[in-house]
Amino acid sequence: YKRQYQRRVRGDLATFKCWKTLNYACGSIYSLLVSGHLLLSGTYENSINVWDLRSYDCIRTIPGHTGAVYSLAVSGNRLFSGSYDNSIRVWDMTTYQCTQRCVGHSSSVEALVMADGLLFSGSTDSTIKFWR
């Protein structure tokens, strides 16, 4: 079974080819998230770009953090972003307005994941925090 699985995965991975490139001329991209027809990218420039996957256009840039945006997560109508500024921001996905700033880490927030109504954040301060 294991050999068959490995062979299948290797074969599938060999078929991946880049067929589209979106250019962001302003700097580095650290995180990506797909939500419906939107692709969100967290950037070194302290912002989140919103791309429309139907037109491949950048339709909005969301400022707010004071450090690079390293992590993104979504739950329903809420977007969560983790940053080098040690904070997590909560955004309304219809207005793209920040509705909350969560502070609890003493270093950059590198990882976010939503599960069972909880937000989990991982940081370079060597902690994982649970938020609800």
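**Close-up 1. The salt bridge of the predicted model.** The structure holds one salt bridge, a term used where a side-chain nitrogen of Lys or Arg lies within 4 Å of a carboxyl oxygen of Asp or Glu. Its partners are Asp52 and Arg54, whose side chains meet at 3.1 Å, N to O. Asp52 counts as buried at 10% relative accessibility, whereas Arg54 counts as exposed at 60%; buried means under 20% relative accessible area, exposed over 50%, and partly exposed in between, with a 1.4 Å probe and protein chains only. This is a predicted model, in which local features need pLDDT of at least 70 and side-chain atom pairs count only at pLDDT 80 or more, while totals for chains, interfaces and linings use all residues. Residues are numbered from 1 along each chain as its sequence is written, and side-chain values use heavy atoms, with hydrogens and water left out.

Close-up 2. A search of the whole structure finds five aromatic pairs, where rings of Phe, Tyr and Trp (its six-membered ring) pair if their centres lie within 6.5 Å, and planes under 30 degrees apart count as stacked, over 60 as edge-to-face and the rest as tilted. One of these pairs, Trp19 and Tyr56, is edge-to-face, with 6.4 Å from centre to centre and 80 degrees between the planes. Trp19 lies in the loop between helix H1 (2-14) and strand S1 (29-35), and Tyr56 in the loop between strand S3 (48-52) and strand S4 (57-62), so the pair ties together parts that are 37 residues apart in sequence; helices (H or I, at least four residues) and strands (E, at least two) are DSSP runs, numbered from the N terminus. Trp19 is exposed, with a relative accessible area of 68%, and Tyr56 is partly exposed, at 29%. The charged end of Lys20 sits over the ring of Tyr56, 4.6 Å from its centre (such a charge has NZ of Lys or CZ of Arg within 6 Å of the ring centre and within 35 degrees of the ring normal).

**Close-up 3. A cluster of tyrosines.** Tyr30, Tyr44, Tyr70 and Tyr84 form one aromatic cluster. Tyr30, partly exposed at 40% relative accessibility, belongs to strand S1, and Tyr44 to the loop between strand S2 (38-43) and S3, 14 residues apart.

**Close-up 4. An open sheet of three strands.** Three strands form this open sheet in the order S9-S10-S11, with antiparallel pairing; two strands pair if DSSP finds at least two bridges between them. Strand S9 (109-115) and strand S11 (128-131) stand at the edges, each with a single partner strand, so one side of each is left without a neighbour in the sheet. Six bridges join S9 to strand S10 (residues 118-123), and Ala111 stands opposite Gly122 in S10.
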